[in-house]
Amino acid sequence: MSNDAIVFIVDDDEAVRQSTAWLVESIGLKVTTFTSADEFLENYNNEPGCIVMDVRMPGMSGLEAQEEMKNRGMSLPLIFITGHGDVPMAVRALKRGAFDFIEKPFNDQLLLDAVQRGLKTNSEAMESLVQNESIDKRISSLTPREHEVMMRVTEGKPNKVIAHELNVSIKTVEVHRARMMEKMEASSVAQLVKTTIQASRNNILS
Amino acid sequence: MAVEESRSEKKTDSQTFFQTKKLDVTIGILSRTPRQSIKSTSWQYSFERLNSQSRYNFIPIFLSAKELNNAVASDELDFVICDAIYYLMLEKQYGLLRLLTRSEQHSETFITSEGLSVYTWDKNSDIIRLKDLKDKNIGIVDINSSISWLFLEKFLSNHGLISKININITPINEIEQSLILLQSGTFDAIISKSGLLDKHIAAEKMENLRLINPRRGWQAPFLHSSVLIPEWPLSKAWYIDNKLASKVVSLLLNRHNTASNEPNEENSYFLPQYSWDIAQNYNAINELFSLSEHIEINTSSRAEGSSKKMQYWISFIAICFLVGILIMYLRSSRDLNNRLTTSKESLEQEIKERQHAQEQALTHQAELAHVARLSTMGEMASGLAHELNQPLSAIHTYVQGCIRRINMGNTDLDAIVNALQLTAQQADRAGGIIRRLRSFVRKGESHKTYSEINQIISEVTGFLETQLKNKQVNLILDLEEDLPPVLADIIQIEQVLINLLKNGIESMSGIEKPSIIVSTRRSNHKYIELCVIDSGHGISEDKLKRIFNPFFTTKNSGMGMGLSISSSIIEAHDGKLYAENNTEQGARFCLTLPISEEHLGSNNNE
């Protein structure tokens, strides 16, 4: 979990907003508060973290804000709090990908757990995003020939077969293979396979 | 109201007078046979219900058609129960207003329509259609004055029959007897209220009894020979106020529970007991009869002759009627002389009674307002729960934050003290909500104090914050500053305002960008005007006229008492409540309240 993660608290009721901030700060987390969903969306700057938001607010409601965030491609975990115990609304929010739905007055541990899990999910997502970026970079540094060799190595083909398929000498395959392994920062075939699996999971491999 | 004093109470001292004196309310009941007591009639249960409260003493008075007419003409009856056609006459002449319609139980259902059934024996082959009854002997089964005689006359005359001229009719008080007389040939046919004989005929298996001109309508499960008209209405005299009328309606509408199903041991009812339903539409009868009369004239030449006889008959009745009125007039002028001579004491007594009645009316209004407030609270319960939930959540969360900090050895005392102060503020906020709630549902007499109208508005909008928020209603306050205070019962004015705002919010469902404007201004030097203006669907013209009537509602739930009570509250403050549509969209409800005299300006005192 990165240290600069921020818990964004969005609630129009000042007392509820400030008290929630006070609770979240008590376990040493950074908090920023907003009085409305509009205000949050205007000021959000791609910081890592998670959101704690009231469902019913004047102006943009919590569910509308969730929709808007989806449209903007924001993936911050969103924890809704509500004073209404409105089951259909909770189902709708969770179906649309809300991280959690907590009823007021909330059990402090329940909220803090949800916040912690939210932050963890977010930082993992961030991490894998960073990793994916680096894999992406490595793969794009390969020449077409090296790329072809890599695909065949991960399929478990020996150099001789690769040389035959690509219609080159075994020596040439060995040179390409050594350079490819270096560029992919893989010390063994097993590690190379692991990296390519991660890449294919994130659709980096074309 | 006919407040009649009984001689015996003159002697009682003033203390018991105020405790035990009930206001007499007279109810005239149309009846062919004179009666003294309500006991063992079908009305018994209705009057037990009416007299189940302690404020009024409802007195039944059985009167013939003529007596009833005279009594209504001289305002001696507060309420009238008579058949539908007679009611229409009285409505036209004396402005009676129907409140309820009698309903009778037939097997499992309650029927609010009545009809007439004509029976004959199968062997009477010369009686096929109704007009074949001409010059015959007919028995009228009139148990417990159940026949509507005017209806019977109309029915007969529609078929060219007029009693004592071309048809002989004889009332019979027993079902058995009428059937025996029919069987023996004394009667050629019998006429009864539809459905009355059904049970008897089924039990005796009288298959050779034939119903003439059988019809079936959706309103009733039984066959009938005539058209169906609404059952007897209970109507109020023109001078009876809505409050007493509402009371009567609410006492009588609580029916079906005990009426005829569960006779209790002490006074089991021998007769089926009447119960009451919402008033039916009586105006349809006019069309019904003029229409069928029309057809009769076109198809039958005999009807013309008989209608001339009818005219003669009507003028005869009219003369009788005038003579009746003259006698009544003479009698009442004699009464007046008597009354003048006994004057002073009874006058004082009467003034006392009036004062008492007024006091009671005030208490009654306060009680009704209280009940309405409770019901408003009920409707608003979920919103209030949410409002209370906010400070409670905040308190809980602040305290948990403090505990965590202390457990972790975080000793930033200033921060913790600050958080605890904020917690205390939230506890105050919760307490404030409870206080407001409690004072709103407070029971009791009207307390008028000098109040700032704008202050009341901000209280009320605080109350409705949750509702406004949930429905995304934009509330705009357009309040004139430095308004002089009004002398008002704050709780009651709050009640009216909540009612108007709630109506406004509900009228805007499905409207885009709903908004409500609450405005105050000094309308002239004597009044302050407050308006609640919504952007909803508005109110149609015909509803606008009835909107302040009790029991009028356009909502699926609700009693229809809100605006009626609001209006009576504002009237009790010497103000006015009125409604109109905006020129563009939505409706506005405005009320005026008089500025308290001390604040009208200098030189206006005394």
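**Exercises on a predicted two-chain model**

**Exercise 1.** Describe the contact between chain A and chain B from the side of chain A.

*Solution.* Start with the counts: 18 residues of chain A are in contact with 19 residues of chain B. Then ask which element of chain A supplies the largest share of its side. This is helix 1 (residues 14-25), with seven residues. Last, sort the side of chain A that touches chain B by class: eight residues are nonpolar, six are polar and four are charged.

**Exercise 2.** Determine how helix 1 of chain A is oriented relative to helix 11 of chain B, and list the residues that make the contact.

*Solution.* 
1. Two packed helices are described by the angle between their axes and the distance between the axes.
2. Helix 1 of chain A and helix 11 (residues 343-407) of chain B pack at about 20°, and their axes are 8 Å apart.
3. Angles under 35 degrees count as roughly parallel, and helix 1 of chain A and helix 11 of chain B are therefore roughly parallel to each other.
4. The crossing of helix 1 of chain A with helix 11 of chain B is left-handed.
5. Helix 1 of chain A contributes Ala15(A), Val16(A), Ser19(A), Thr20(A), Trp22(A) and Leu23(A) to the contact. From helix 11 of chain B come Gln390(B), Pro391(B), Ser393(B), Ala394(B), Thr397(B), Tyr398(B), Gln400(B) and Gly401(B).
6. By class, this helix pair has seven nonpolar and seven polar residues in the contact, and no charged ones.

**Exercise 3.** Summarise the fold of chain A by its elements, their order, its burial and its contacts.

*Solution.* Chain A contains nine helices and five strands. Along the sequence they are arranged as β-α-β-α-β-α-β-α-β-α-α-α-α-α. For burial, 33% of the 206 residues of chain A count as buried. For contacts, consider those in chain A with a separation of 6 or more: 61% are between residues 24 or more positions apart.

Key:
Residues are numbered from 1 along each chain as its sequence is written. Chains are lettered from A and ligands numbered from 1 in the order in which they are written. This is a predicted model: local features need pLDDT of at least 70, side-chain atom pairs count only at pLDDT 80 or more; totals for chains, interfaces and linings use all residues. Two residues are in contact if their C-beta atoms, placed from the backbone, lie within 7 Å. Helices (H or I, at least four residues) and strands (E, at least two) are DSSP runs, numbered from the N terminus. Ala, Val, Leu, Ile, Met, Phe, Trp, Tyr, Cys and Pro count as nonpolar, Asp, Glu, Lys and Arg as charged, and the others, Gly among them, as polar. Axes are lines fitted to C-alpha atoms, for helices over the stretch in contact, and angles run from 0 to 180 degrees between N-to-C directions. Angles under 35 degrees count as roughly parallel, over 145 as roughly antiparallel, 65 to 115 as roughly perpendicular and the rest as oblique. A crossing is left-handed if the near helix is turned anticlockwise from the far one by less than a right angle, and right-handed if clockwise. A residue is buried if 20 or more other C-beta atoms lie within 10 Å of its own, exposed if 12 or fewer, and partly exposed in between; C-beta atoms are placed from the backbone.
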